[in-house]
Amino acid sequence: MADHKGTAVWNGDIKGSGTLSTESGALNAPYSVGSRFEGKQGTNPEELIGAAHAGCYTMYLTSVLTKHGHSVQNIKTTSTVTMNPNNGHPVIEHIHVSTEGHVTGGNITADDFQKHAEDAKENCPVSKVLSAVPKMTLEAKFVG
């Protein structure tokens with residue numbers, strides 16, 4: 001078992017700002033209402049969810065492919081998290097996973113890659129946590 005910590009510190013009212021950080025020190029980033037809803041500089045929780053999801057998904061997919069005798073040269077994944085402000089009651093409505101894999105060995109086909117990509121979408125730990133999101137889609141591109 002491993003515990004991993006993220007911390008948020010907020011200063012002021014809703015027009016204030018804060019920082020998001022990780023225990024490892026890899027992240028120490030500003031965030032605010034402006035960076036979350038208005039495209040201003042800084043990060044936001046949804047962007048970090050997308051990064052965490054893309055990272056977990058990619059590691060899981062790599063593991064599945066390797067276990068099936070394939071050689072992973074490169075996998076690039078983007079997880080796009082769509083949030084609707086919903087009249088002051090924000091809700092994450094959709095997550096779209098787009099992955100491209102350069103994979104060889106083991107006679108892998110595009111259909112095989114798609115099957116493994118779907119497996120990762122359903123079973124990586126972060127996907128499981130995000131299963132409460134009403135819609136999660138996948139676009140998988142195989143590069144032999």
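The model is predicted, so local features are reported only at pLDDT of at least 70 and side-chain atom pairs only at pLDDT 80 or more, whereas totals for chains, interfaces and linings use all residues. Residues are numbered from 1 along each chain as its sequence is written, and side-chain values rest on heavy atoms, with hydrogens and water left out.

Starting with the overall picture, the protein has four helices and six strands; these are DSSP runs numbered from the N terminus, with helices being H or I of at least four residues and strands E of at least two. Read from the N terminus, the order is β-β-β-α-α-β-β-α-α-β. The C-alpha trace spans about 60 × 35 × 25 Å along its principal axes. Of the 144 residues, 30% count as buried, meaning under 20% relative accessible area, with exposed set at over 50% and partly exposed in between (1.4 Å probe, protein chains only). The accessible surface comes to about 8,900 Å², and 52% of that belongs to carbon and sulfur atoms (Shrake-Rupley method, 1.4 Å probe, with only the protein chains shown counting as cover for residues). As for contacts (heavy atoms within 4.5 Å), residues 24 or more positions apart make up 51% of those with a separation of 6 or more.

Next comes the sheet. Three strands line up as S1-S2-S3 in an open, antiparallel arrangement, where pairing requires at least two DSSP bridges between two strands. Strands S1 (6-11) and S3 (28-32) sit at the edges with a single partner strand each, so one side of each has no neighbour in the sheet. From one strand to the next, the twist averages 25° (axes are lines fitted to C-alpha atoms, for helices over the stretch in contact, and angles run from 0 to 180 degrees between N-to-C directions). S1 and S2 (residues 17-22) are joined by six bridges; Val9 has Thr19 as its bridge partner, and Gly6 stands opposite Thr22. S2 and S3 share five bridges, with Leu20 facing Ala29. Both hairpins bring in a glycine: Gly12 takes a positive phi near 90° in the S1 and S2 hairpin, which has five residues between the strands, and Gly25 takes a positive phi near 85° in the S2 and S3 hairpin, also with five residues between the strands.

The largest nonpolar core holds 18 residues, and Tyr57, Leu61, Leu65, Ile95 and Phe113 have the most contacts inside it. Such a core is a set of buried Ala, Val, Leu, Ile, Met, Phe, Trp, Tyr and Cys residues joined through side-chain atoms within 4.5 Å. Two or more residues each come from helix H2 (45-67), S4, strand S5 (91-104), helix H3 (110-123) and strand S6 (135-143), and H2 gives the most, with four. Beyond its neighbours within four places in sequence, Phe113 touches residues including Leu61, Leu65, Val103, Ile108 and Phe142.

Finally, two residues that both touch His53. Ser79 lies in strand S4 (residues 71-84) and counts as buried because its relative accessibility is 9%. The side chains of Ser79 and His53 make a polar contact of 2.8 Å, that is, a pair of N or O atoms within 3.5 Å; within protein, one must be able to donate a hydrogen and the other to accept it, and residues adjacent in sequence count only if both atoms are side-chain atoms. Val126, in helix H4 (residues 125-129), is partly exposed because its relative accessibility is 22%. Leaving out residues up to four places away in sequence, Val126 touches Ala52, His53 and Cys56.
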